[in-house]
Amino acid sequence: MPETNLYSCALVTGASSGLGEEFALQIAPRVSKLILVARRESLLQQLADRIRARFPRVAVAVFAVDLNSPAERDGLVKTLGAKGFQPDLLVNNAGLGDYGEFASADWEKVQAMLRVNIEALTHLTHALVPEMIRRGGGAVVNVSSLASVIPMPDFAVYAATKAYVTSFSEALRLELREHHIPVLAVCPGPVRTEFGSVSRRSPDSPGMPSNKLFYVPKEQVVAESLAALDRNSARVYPGLKTAAAALLLTALPIVLVRFAMGFRLRR
Ligand SMILES: NC(=O)c1ccc[n+]([C@@H]2O[C@H](COP(=O)([O-])OP(=O)(O)OC[C@H]3O[C@@H](n4cnc5c(N)ncnc54)[C@H](OP(=O)(O)O)[C@@H]3O)[C@@H](O)[C@H]2O)c1
């Protein structure tokens, strides 16, 4: 952790569970204001109470927002302005997956993935970065995935949304370099959160196959991500095995990736 706090007000999306909750907990001692966003207000309030108890000098605000809805996102941006919140650390973490073949996917869920994983992340970044530039500092952390580096049958739309997140983050990082605003793409492998159950199409449908040896604890994912932000890294693949997998997958020629991904894990 840096000696001095670089940021004063952080906004974390998807703070009601998993990685977002952990980002909020680890960022809290670094800021004076923390804004928690997700749909489940009671979980956000419980987290806010825990943070207030642990870090009494941090002002915590909770906004129950469905990031799937452009109107609710607009409302959030307007409310932040009206209440005088000027986040200088934006953590775009909210996201969801859908595990199964594309042809039989439920359109509502596909649309929610596109809207939350891509549109909401882009919308909030677009709304908040100009003020960071005007004030001369800030940072954007976009939670992507190891899935962003490969096309993934049975996770086709999810992996494609994360490819967008990684590509967008890398390009935005170059645009914001002259304004000294770092942009970090966090690319975790499997982490135990609610992600697995949300990705399932029904309680009996198969979940994403993954070896438990590859799971990285959420505490480690977030600690490595914040350390990467402090180092001004462009990307982080938290956990040694995830980093090794990323190295291999990004070095392989696409013909070999296609061949390997042809052995669909679910079959
Ligand atoms: N877990 C993994 O294995 C893994 C691996 C790589 C990348 N990731 C990425 O990590 C990020 C966090 O996921 P997680 O693993 O922590 O999963 P999680 O426990 O399911 O958390 C997802 C968060 O996103 C929020 N969210 C989902 N839809 C939303 C909506 N329409 N509006 C507002 N908030 C919404 C959820 O809050 P509400 O339900 O309360 O709205 C929740 O707080 C995601 O972007 C995911 O793609 C996860």
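Q: How do the axes of α1 and helix α7 cross, and at roughly what angle?
A: This is a predicted model, where local features need pLDDT of at least 70, side-chain atom pairs count only at pLDDT 80 or more, and totals for chains, interfaces and linings use all residues. Residues are numbered from 1 along each chain as its sequence is written, and side-chain values use heavy atoms, with hydrogens and water left out. The axes of α1 and helix α7 (residues 218–230) come within 9 Å and cross at roughly 55°, the axes being lines fitted to C-alpha atoms, for helices over the stretch in contact, with angles from 0 to 180 degrees between N-to-C directions. Helices are DSSP runs (H or I, at least four residues) numbered from the N terminus.

Q: What does that make α1 relative to α7?
A: That angle makes α1 oblique to α7, since angles under 35 degrees count as roughly parallel, over 145 as roughly antiparallel, 65 to 115 as roughly perpendicular and the rest as oblique.

Q: And which way do α3 and α4 run, roughly parallel or oblique?
A: The axes of helix α3 (residues 70–82) and helix α4 (residues 107–135) cross at roughly 25° and come within 11 Å, and α3 and α4 are therefore roughly parallel to each other.

Q: Switching to the ligand, which residues come nearest?
A: Of the 29 residues around the ligand (a heavy atom within 4 Å), Ser-16, Ser-17, Arg-39, Tyr-158 and Thr-193 come nearest.

Q: What lies 2.7 Å from the side chain of Arg-39?
A: An oxygen atom of the ligand is at that 2.7 Å distance from a side-chain N or O atom of Arg-39, while for Lys-162 the corresponding distance to a ligand oxygen is 2.9 Å.

Definitions and conventions:
A polar contact is a pair of N or O atoms within 3.5 Å; within protein, one must be able to donate a hydrogen and the other to accept it, and residues adjacent in sequence count only if both atoms are side-chain atoms. Helices (H or I, at least four residues) and strands (E, at least two) are DSSP runs, numbered from the N terminus.
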